[in-house]
Amino acid sequence: MDTHRNRRDDEDAVDDDELFAQLEADLENNDERTAAEREKGMQEMMRYMEQRKQMADTGHGRYDEIKDEFKVLDATIKEKFCVVHFFHNNFKRCKIMDQHLVRLSQKYFNTRFVRVFAENVPFLVEKLGIKVLPCVICFKKGVTCGRIVGFEELGGQDNFNTSALEAKLSQFGILKQEDDLIPPITYGSTPVVRERIRGQSTINADDDFDFDL
């Protein structure tokens with residue numbers, strides 16, 4: 001059993017419960033709204049929470065590994081925004097990239113972040129022309145919109161900041177905050193804004209490695 005994932009799911013459930021309670025309390029306490037307006041607001045809130053749940057159920061807000069090549073293809077096609085890290089267990093720089101992508105997956109809920117062991121997906125490796133790892137490729141509805149190979153575009157150093165990767169992915173238009181896609185629901189003075197950033201860490205690593213199947 002993956003206790004880390006279960007713990008993560010429990011944290012998400014608590015966060016969503018707290019958010020729902022906050023919105024509901026603010027909605028009920030807003031004397032300026034009529035009963036019809038409060039009912040409409042409640043319906044909007046329920047739709048928003050249901051949409052969040054559906055996205056969480058498909059991996060949003062997490063950084064998961066996909067081992068099946070077909071499921072990787074399925075994710076890149078079905079997700080509006082998807083970031084795929086092609087990695088190898090023996091490459092330390094891939095582990096550094098993982099650390100940064102974990103943080104971004106928690107911050108950008110609307111973007112799906114996944115990692116894929118390159119040897120498990122030979123068709124994709126060949127089709128996408130992947131020669132050097134780590135390789136991060138971004139997709140918008142199945143169409144590639146950018147890639148990062150190694151650390152050269154991130155400063156060329158192992159100790160680059162997550163903000164450098166964030167800025168590069170933002171250039172591809174792949175990072176969308178929740179309020180970029182789902183209009184904030186404002187009841188009284190309380191907007192819906194979700195941003196979760198975990199603590200940072202640094203891992204020393206080797207240079208990029210050429211990758212051959």
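Asp158 and Arg93 are both buried, where buried means under 20% relative accessible area, exposed means over 50%, and partly exposed lies in between (1.4 Å probe, protein chains only). This is a predicted model, in which local features need pLDDT of at least 70 and side-chain atom pairs count only at pLDDT 80 or more, whereas totals for chains, interfaces and linings use all residues. Residues are numbered from 1 along each chain as its sequence is written, and side-chain values use heavy atoms, with hydrogens and water left out.

**Salt bridges**

- Side chains of opposite charge can pair when their charged atoms come close.
- A search of the whole structure finds 8 salt bridges, each being a side-chain nitrogen of Lys or Arg within 4 Å of a carboxyl oxygen of Asp or Glu.
- Asp158 forms one of these with Arg93, and their closest N and O atoms are 2.5 Å apart.
- Because Asp158 lies in the loop between β6 (143-149) and α6 (162-171) while Arg93 lies in helix α4 (residues 92-107), the pair ties together parts that are 65 residues apart in sequence; helices (H or I, at least four residues) and strands (E, at least two) are DSSP runs, numbered from the N terminus.
- Arg62 and Asp64 form a salt bridge with their closest N and O atoms 3.1 Å apart, and both residues are buried.
- Asp74 pairs with Lys78 in a salt bridge whose closest N and O atoms are 3.5 Å apart, and about one helical turn separates Asp74 from Lys78 because they are 4 residues apart in helix α3 (residues 69-78).
- Asp74 counts as partly exposed, at 28% relative accessibility, whereas Lys78, at 57%, counts as exposed.
- A network of salt bridges links Glu65, Asp98 and Arg115.

**Helix α4**

- Of the 16 residues in α4, 12 are buried, so that the helix is mostly covered; among them are Arg93, Asp98 and Leu101.

- In soluble globular proteins, nonpolar side chains tend to be buried together.
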